[in-house]
Amino acid sequence: MQNEVVSREEWLEARRALLAKEKEATRLRDGVNAARLALPWVKVDKDYVFETPEGRKSLADLFDGRSQLLIYHFMLGPDWDAGCTGCSFLSDHVDGALPHLNHHDVTWVAVSRAPLDKIAAYKQRMGWQFPWVSSFGSDFNFDYHVSFSPEDLAKDKVFYNFTPMQPADANDELPGLSAFYRNDKGEVFHTYSSYARGPEELIGTLMILDRAPKGRNEDSTMNFVRRHDEYEEAAKAPSCCH
């Protein structure tokens with residue numbers, strides 16, 4: 001299906017109308033960002049231990065000497081054979097940002113409940129460099145509402161994205177992003193979490209597709225996405241020279 005074809009003058013008028021909406025969205029985003037920074041914090045008093053390639057580490061250790069920590073709750077359960085396709089799609093965008101984040105006092109770490117050897121194997125398959133640790137045996141994923149036990153899923157409701165939801169709409173693992181701050185005394189505070197489509201703006205490919213003529217061209221949210229080593233070679237467009 002092709003959009004209406006108009007004159008350049010008509011297109012310019014329509015584009016200016018869209019520009020007004022884009023500017024409105026930008027101002028709204030700025031307001032949301034300011035409100036996010038103004039959120040109150042919660043002190044993290046519970047001791048969490050993570051398995052890392054360098055040995056066992058606490059949540060405070062994961063900051064790696066910086067004051068800010070972003071944790072991506074990567075869906076890879078203890079008995080999963082591969083990481084979530086959507087989480088993998090987002091994570092494809094992380095490595096290039098790491099030097100900029102680290103230079104700006106931010107550490108990025110992915111956390112999954114899968115044991116470390118399974119994480120390492122999948123990380124090697126995908127060719128990623130970002131830190132990725134295991135919370136296996138810890139309450140961390142459950143406390144931050146991204147993992148659910150069989151007992152949780154047997155209840156009437158589970159708590160995800162700050163809302164009770166039907167267990168049928170949940171899973172044993174779900175995605176999310178959480179932010180933490182560590183002060184000079186070593187105290188750690190939970191400052192922000194986002195779930196479901198909340199971290200979507202981190203996926204640069206989607207932001208690019210939103211500017212393409214067909215947009216995301218999807219039947220349901222990200223149904224076109226595959227792990228980057230699972231795409232079949234796209235059929236080449238016919239050449240006018242053939």
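**Close-up views of charged side chains in a predicted model**

Residues 24 or more positions apart make up 60% of the contacts with a separation of 6 or more in the protein chain. The model is predicted.

**View 1. The protein chain as a whole.** Seven helices and ten strands are found in the protein chain. Its C-alpha atoms fill a box of roughly 65 × 45 × 45 Å along the principal axes. Of its 242 residues, 34% are buried.

**View 2. The negative patch of Glu4, Glu9, Glu10 and Glu13.** These four residues form a negative surface patch. Glu4 belongs to the segment before α1 (8-37). With a relative accessible area of 71%, Glu4 is exposed.

**View 3. The salt bridge between Lys46 and Asp143.** The two side chains meet at 2.9 Å, N to O. Lys46 is in the loop between β1 (42-43) and β2 (49-52) and Asp143 is in helix α5 (residues 140-143), so the pair ties together parts 97 residues apart in sequence. Lys46 is partly exposed at 40% relative accessibility, and Asp143 is partly exposed at 29%.

**View 4. Other salt bridges.** The whole structure holds 16 salt bridges. One of them joins the side chains of Arg66 and Asp64 (3.6 Å, N to O); Asp64 is exposed, at 53% relative accessibility. Glu200 and Arg197 also form a salt bridge (2.8 Å, N to O), and Glu200 is buried, at 14% relative accessibility.

**View 5. A network of salt bridges.** Arg125, Arg227, Asp229 and Glu230 are linked in this network.

Conventions. Residues numbered from 1 in each chain as written. Predicted model: local features only at pLDDT ≥ 70, side-chain atom pairs only at ≥ 80, totals over all residues. Heavy atoms only, no water. Helix = DSSP H or I, 4+ residues; strand = E, 2+ residues; numbered from the N terminus. Buried < 20%, exposed > 50% of the residue type's maximum accessible area, 1.4 Å probe, protein only. Contact = heavy atoms within 4.5 Å. Patch = residues over 30% accessible without salt bridge, like charges linked within 9 Å, V, L, I, M, F, W, Y side chains within 5 Å. Areas by Shrake-Rupley, 256 points an atom, 1.4 Å probe, with all protein chains shown as cover. Lys, Arg positive; Asp, Glu negative; His and termini not counted. Charge placed at Lys NZ, Arg CZ, Asp CG, Glu CD.
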